[in-house]
Amino acid sequence: MLALALGATGPAAADLLHDAQARFRTLESYRVTLRSRAADGQPQVIVYAYRKPGWIRMDFVEPHRGAVIIYDPATRRVHLWPFGKDHFPRLNLAPDNPLIRSAGGHSVDHSDVGALLAKLIELRAQGAMTDPADAAIAERPARYVEITGASAAKVDGVHRYRLWFEQGSLFPLKVQSYDTALELIETVDMSDAELDPVFPEHFFTP
């Protein structure tokens, strides 16, 4: 693990998150194989697709192979097919329904990278961020930072984030979250991120 001094607040540290947020706003869509593992849970693999103005589709690989979730930002409803899209049953749920909330309590409508970046900026405002350091994830050049809340400050249960942003796009390729005891909460790998892919016409149609 990289050893960096916390508390850095120079221009590089101050600008990276806002630059990442600005670049995210220019994207029309993205797709990643989201590989996550909670410290006390089983691994999860989801093919995650996002398209403005907030369409989300999740195709589950592990666990619940074959399940599909589509979030419609116009109706703010989530459509769930437990056994594959267009297979019975189809459930129509609120985004915060406990059936589809993540192990960390996150709702589908706040699961995209834009929501993550907002949390990072909020936590940094309550603490500090290290200066970016050169790194690599899956052979992609990256910028590594740590963000830690002052004292026991936390956002959405997270006191520290460790992040690897792709150098060119500043898209987060890997995220680790920690509690106030600096115990690992979750690791999320998005290192195969595709930016602005073209999806089939009805890909997000419930």
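Strand E1 (residues 29-38) and strand E12 (residues 184-189) run antiparallel and are joined by 4 bridges; strands pair if DSSP finds at least two bridges between them. The model is predicted, so local features need pLDDT of at least 70 and side-chain atom pairs count only at pLDDT 80 or more, while totals for chains, interfaces and linings use all residues. Residues are numbered from 1 along each chain as its sequence is written, and side-chain values use heavy atoms, with hydrogens and water left out.

**Strands around E12**
- Helices (H or I, at least four residues) and strands (E, at least two) are DSSP runs, numbered from the N terminus.
- Strand E11 (residues 172-178) also runs antiparallel to E12, with 5 bridges.
- Asp189 in E12 stands opposite Arg35 and is the bridge partner of Lys174.
- The hairpin of E11 and E12 has 5 residues between the strands, and Leu182 there takes a positive phi near 60°.

**Nonpolar cores**
- A nonpolar core is a set of buried Ala, Val, Leu, Ile, Met, Phe, Trp, Tyr and Cys residues joined through side-chain atoms within 4.5 Å; buried means under 20% relative accessible area, with a 1.4 Å probe and protein chains only.
- The largest such core has 47 residues, and Leu120 and Phe165 have the most contacts inside it.
- Helix H2 (residues 113-125) gives the most to this core, with 6 residues.
- Beyond its neighbours within four places in sequence, Leu120 is in contact (heavy atoms within 4.5 Å) with Leu17, Ile147, Tyr161, Leu163 and Phe165.
- Another core lies apart from it and has 8 residues, including Trp55 and Trp81.

**Whole chain**
- The chain has 2 helices and 13 strands.
- Of its 206 residues, 48% count as buried.

Key: Buried means under 20% relative accessible area, exposed over 50%, partly exposed in between (1.4 Å probe, protein chains only).
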